[in-house]
Amino acid sequence: MNLYILAALFIVVLVALVIFHLETKRFIVKTYTITSKKLPKAFHGTKIALVSDLHNVEYGKENQKLLEAIDKEKPEYILVAGDMLVAKAGEDFSAAIAFLKAISEKYPVYYSYGNHECRLKEKKVVYKDMAARYNQEVEKLPLFLLHNQNAEIKKGASSIRIYGLEIGMEYYYKFKPYKMTGMYLNKRLGKKNPEEFSILIAHNPYFFQAYAEWGADLVVSGHNHGGIAQVPFLGGLVDPNLRIFPKYDKGLFQEKDSQMVLSAGTGSHKPNFRAFNPPELSIIKLEMPNG
């Protein structure tokens, strides 16, 4: 092949890689509207911010840009769907704690761990006391930390319930298609009241069908980083389990009466580039039909 052509191709690839890396340095605000006949009237119009997969990323000094974007949206609640830090031995997680502190001092925050937080707990030989130190810092904050637990949100005489799901690390293993059923969630979370509108914070979106079988009305997830690269007409390219063109990459999905908002991730982690797939702050609006 002509050397000029090779040089041109090299330059094109290099420029593309630089652009794709710069894609991780910004975020967008994406709004999703969730309509449910089970939603109590008092919660019609409720706005929720969803943050997932921040991975210690900072947008501006002390995440000022991200905090300003949240304030501009004026959410009533913030849901944190895990992976706020990076599970790496000796990694500094102060950026994650500082962000959680800033939002929990202004908003009710409901936080459920992702695979990076859970990995710290399960592999103490590798991470030593990192899990204990991180948990200690999180537990100092005025937020709701949901380890397979739930919390009720009340408005007057009406209420909805938020569940935080932590699953075993075997459900994150690569090349091992572990199955999950609604019964597994019953063991982890207990049975839910079918009449009560529920939000399930579940970091791994791969098991959306099981979440729907359990009865979640709204699932909020992350983990897949939007498939890293978005391919026209095909969607996300690859998920963390190395599935090509995964069924769930980012956006809004439906399974029977359950809906899932899957964030593209508010930050990034390895590989630290994105293509046509910027990080996002997800804003969820809850509405009644014809409300």
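The lining of the second largest pocket has 2 nonpolar, 6 polar and 4 charged residues. Here Ala, Val, Leu, Ile, Met, Phe, Trp, Tyr, Cys and Pro count as nonpolar, Asp, Glu, Lys and Arg as charged, and the others, Gly among them, as polar. The model is predicted: local features need pLDDT of at least 70, side-chain atom pairs count only at pLDDT 80 or more, and totals for chains, interfaces and linings use all residues. Residues are numbered from 1 along each chain as its sequence is written, and side-chain values use heavy atoms, with hydrogens and water left out.

**Pockets**

- A pocket is an open set of points on a 1 Å grid over the protein atoms alone, where a 1.4 Å probe fits, with protein on both sides within 12 Å along at least five of seven lines; lining residues have an atom within 4 Å of a point.
- The second largest pocket holds about 220 Å³ of space, the volume being that filled by probe spheres set on the points, which are joined across faces, edges and corners.
- Its lining includes K37, K38, D217 and D257.
- The largest pocket has a volume of about 470 Å³. Of its 22 lining residues, N115, R119, K174, H223 and P240 are the closest to its centre.
- That lining divides into 8 nonpolar, 7 polar and 7 charged residues.

**Aromatic rings**

- One aromatic cluster consists of Y171, Y173, Y178, Y184, Y206 and F207.
- Y206 and F207 pair edge-to-face, at 5.1 Å centre to centre and 85 degrees between the planes. Rings of Phe, Tyr and Trp (its six-membered ring) pair if their centres lie within 6.5 Å; planes under 30 degrees apart are stacked, over 60 edge-to-face, the rest tilted.
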